[in-house]
Amino acid sequence: MKETDREAVATAVQRVAGMLQRPDQLDKVEQYRRREARKKASVEARLKAAIQSQLDGVRTGLSQLHNALNDVKDIQQSLADVSKDWRQSINTIESLKDVKDAVVQHSQLAAAVENLKNIFSVPEIVRETQDLIEQGALLQAHRKLMDLECSRDGLMYEQYRMDSGNTRDMTLIHGYFGSTQGLSDELAKQLWMVLQRSLVTVRRDPTLLVSVVRIIEREEKIDRRILDRKKQTGFVPPGRPKNWKEKMFTILERTVTTRIEGTQADTRESDKMWLVRHLEIIRKYVLDDLIVAKNLMVQCFPPHYEIFKNLLNMYHQALSTRMQDLASEDLEANEIVSLLTWVLNTYTSTEMMRNVELAPEVDVGTLEPLLSPHVVSELLDTYMSTLTSNIIAWLRKALETDKKDWVKETEPEADQDGYYQTTLPAIVFQMFEQNLQVAAQISEDLKTKVLVLCLQQMNSFLSRYKDEAQLYKEEHLRNRQHPHCYVQYMIAIINNCQTFKESIVSLKRKYLKNEAEEGVSPSQPSMDGILDAIAKEGCGGLLEEVFLDLEQHLNELMTKKWLLGSNAVDIICVTVEDYFNDFAKIKKPYKKRMTAEAHRRVVVEYLRAVMQKRISFRSPEERKEGAEKMVREAEQLRFLFRKLASGFGEGVDGYCDTIVAVAEVIKLTDPSLLYLEVSTLVSKYPDIRDDHIGALLAVRGDASRDMKQTIMETLEQGPAQASPSYVPLFKDIVVPSLNVAKLLK
């Protein structure tokens with residue numbers, strides 16, 4: 001307290017010092033004293049009021065605690081009195097047992113009297129109920145059945161209350177009303193029959209379906225009431241609960257399953273299109289049924305039944321089960337396609353679940369897949385495996401059929417532009433096209449896989465095609481009289497290569513979104529290479545045919561007979577032109593290459609004739625005459641091949657220039673200029689070898705040994721470099737070693 005007093009005095013001193021800082025404030029000291037006195041009185045009054053309030057509350061609480069103690073004592077005394085009275089009344093209650101039994105018996109007798117009329121009329125009600133059921137008056141029949149069950153259940157309940165262990169009386173009552181259960185079962189059969197035909201009934205007689213639903217609803221209410229009473233009394237009448245609502249959905253589910261399974265009218269043995277027909281019938285039936293359920297059946301059932309939602313789930317589950325069953329069968333490739341197309345596309349399309357008449361109740365996004373991804377994957381693997389085997393077999397059969405055409409006595413067909421062709425490319429790519437169209441119906445991924453498969457098998461097929469074309473050429477060379485139309489069919493084989501190329505490009509452009517899709521692009525160069533090789537072999541075979549016919553006339557070149565006036569080149573030109581009239585049926589890319597190759601080979605054979613040293617000119621006059629003849633024949637050949645290449649916009653005149661250049665060496669009259677002329681020849685044609693120069697000098701017939709040696713040694717010192725565009729002509733020309741040996745002597 002002293003510490004508090006000191007703090008109060010210090011605070012007061014500080015406040016007074018604050019108020020009396022100036023001399024003029026001393027005049028207001030009295031005023032300050034009165035103001036502080038008022039504040040002090042106010043604070044003291046509030047403190048007194050607060051203390052008084054607390055004291056009043058304590059006084060009130062003590063008073064209430066005292067009253068509560070008195071009440072507890074009174075209640076304790078009352079409980080003691082009640083306990084005493086209860087102990088004294090036990091004997092009195094036991095003496096009233098007979099009265100209690102009499103009351104129960106009276107209650108039972110009252111119930112029996114009340115139901116006496118119904119009890120005596122049970123047989124008549126049973127007959128009436130049976131008649132009503134047979135007549136189809138289901139509501140009236142159910143009303144009477146409810147009366148019978150009510151009487152039976154009431155009597156049995158009273159008996160249960162009186163003596164639940166008396167089974168004899170319970171059995172007696174149950175036996176007397178025994179027909180009731182039979183009537184209930186018979187009525188249930190009628191209800192289930194109506195429900196089984198509900199989709200038909202709702203269109204013809206919706207009132208009947210409504211009656212069935214009302215009866216089921218009545219039974220559901222009775223079931224609920226009896227189950228509630230069971231919780232209180234433990235008594236349940238026989239045959240309860242009936243659970244007819246649950247049975248109704250079971251019947252509907254069984255009906256849906258039977259309807260789905262019953263749509264298969266054919267088997268694979270009786271109809272190859274059995275699955276397509278089966279799936280189409282399912283689609284039509286399911287769509288029609290769901291439309292009827294949405295528009296009509298929902299009006300016959302209470303909303304809480306959610307009849308359309310339940311039917312939709314039943315149909316979906318039944319379809320899933322059926323699709324699983326079909327998927328587990330040993331399906332063929334086309335049947336797998338039909339099944340997957342239906343499951344993955346048709347089912348969720350506007351033809352079925354997305355149909356406008358089912359919207360918005362049916363949300364396709366909420367439906368589970370009819371087939372699991374694992375089953376779909378297995379089906380696709382089976383399909384790809386079967387398709388691979390089928391494609392291999394189809395390609396092999398197509399090639400065998402095409403080979404049979406190669407030996408026919410009639411020419412092959414020509415396309416609209418007049419080019420020979422066989423049916424092989426059309427057959428192959430029609431088969432590819434059909435399989436790709438089918439795969440595209442299932443998914444983009446499968447379409448790409450099938451395209452990759454087709455191109456892979458095409459690659460293998462082209463290798464076999466190449467081998468067969470080679471065998472065809474070899475067999476013809478063994479007997480040039482057979483086949484009769486060898487040239488025409490070889491042209492068709494060459495043209496097929498171009499058709500294959502174009503078809504492959506067209507197929508990829510049509511069925512690929514972009515060229516970079518994995519596994520596809522790398523196959524193109526490989527196939528192009530094989531096709532070019534086949535075409536090259538074919539063109540080579542045709543040229544081989546030409547040069548076999550030209551062999552005799554090529555052998556006449558640069559001989560005495562030739563110098564004296566042989567018409568070998570005339571015959572060569574006529575023969576080549578005649579063959580190329582047939583070769584006009586070759587498509588442009590290959591015909592262009594073939595014309596250039598024929599031009600090159602004719603010139604090479606001409607040069608080979610020079611290098612064979614079949615003739616050695618003995619005088620300047622002979623050299624001049626022979627050289628001029630060579631120039632004329634070179635121009636003759638140039639004219640021929642310009643004519644043959646006229647449709648290509650370009651030609652290769654340089655080949656014939658080689659003959660002219662060689663002729664210039666032979667024609668030269670001044671031997672001292674021979675080295676310069678030969679040097680010019682070598683610079684133009686870098687692949688010319690020393691043995692070629694030796695043979696050429698031997699043909700001239702006037703070069704001395706020293707001159708030959710000088711020319712050869714000088715040329716060896718500085719071989720010319722070939723330009724990138726240069727086409728070698730001399731590298732394939734072999735000079736007989738005997739001639740070279742003689743030359744160097």
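**Helix packing, buried side chains and ring pairs**

H316 sits at 10% relative accessibility and so counts as buried. The model is a predicted one, and this histidine belongs to helix α12, which covers residues 307–328. Once neighbours within four places in sequence are set aside, the contacts of H316 are Y347, L367, E368 and L370.

Y315 lies in helix α12 too. With a relative accessibility of 2%, Y315 falls under the 20% limit and therefore counts as buried. Not counting residues up to four places away in sequence, Y315 touches L199, V256, R259, I260, V286, D289 and L290. Take L290 from that list: Y315 and L290 are 25 residues apart in sequence, yet their C-alpha atoms are 8.7 Å apart in space.

Leaving out neighbours within four places in sequence, Q488 is in contact with E411, P412 and Y420.

Turning to how helices pack, α14 (residues 373–406) and α15 (residues 424–442) meet at an angle of about 165°, and their axes are 9 Å apart. An angle over 145 degrees counts as roughly antiparallel, which is why α14 is described that way relative to α15. The crossing of the two helices, α14 and α15, is right-handed. On the α14 side, the contact is made by Y383, L387, I391, W394, L395, A398, L399 and D402. Helix α15 brings L424, I427, V428, M431, F432, N435 and V438 to the contact. Sorted by class, the residues in the contact of α14 with α15 come out as 13 nonpolar, one polar and one charged.

Helices α9 (residues 206–233) and α10 (residues 244–261) also pack together, at an angle of about 140° and with axes 8 Å apart. The pair α9 and α10 is therefore oblique. Here the contact consists of I215, I216, E219 and E220 from α9, together with W244, K245 and M248 from α10. By class, the contact of α9 with α10 has four nonpolar residues, no polar ones and three charged ones.

Then there are the aromatic rings. Searching the whole structure gives 15 aromatic pairs. One of the pairs joins F301 and Y305, with 6.1 Å from centre to centre and 50° between the planes, a tilted arrangement. Both F301 and Y305 are buried. For Y472 and Y486, the ring centres are 5.3 Å apart and the planes are at 40°, so this pair is tilted as well. Y472 comes from helix α16 (residues 444–478) and Y486 from helix α17, so the pair ties together parts that are 14 residues apart in sequence. Y472 is buried, and Y486 is buried too.

The tyrosines Y472 and Y486 also belong to a cluster linked by ring pairs, whose other members are W406, F429, F432, F461, Y465 and F500.

Note on methods
Residues are numbered from 1 along each chain as its sequence is written. This is a predicted model: local features need pLDDT of at least 70, side-chain atom pairs count only at pLDDT 80 or more; totals for chains, interfaces and linings use all residues. Side-chain values use heavy atoms; hydrogens and water are left out. Axes are lines fitted to C-alpha atoms, for helices over the stretch in contact, and angles run from 0 to 180 degrees between N-to-C directions. Helices (H or I, at least four residues) and strands (E, at least two) are DSSP runs, numbered from the N terminus. Angles under 35 degrees count as roughly parallel, over 145 as roughly antiparallel, 65 to 115 as roughly perpendicular and the rest as oblique. A crossing is left-handed if the near helix is turned anticlockwise from the far one by less than a right angle, and right-handed if clockwise. Contact means heavy atoms within 4.5 Å. Ala, Val, Leu, Ile, Met, Phe, Trp, Tyr, Cys and Pro count as nonpolar, Asp, Glu, Lys and Arg as charged, and the others, Gly among them, as polar. Buried means under 20% relative accessible area, exposed over 50%, partly exposed in between (1.4 Å probe, protein chains only). Rings of Phe, Tyr and Trp (its six-membered ring) pair if their centres lie within 6.5 Å; planes under 30 degrees apart count as stacked, over 60 as edge-to-face and the rest as tilted.
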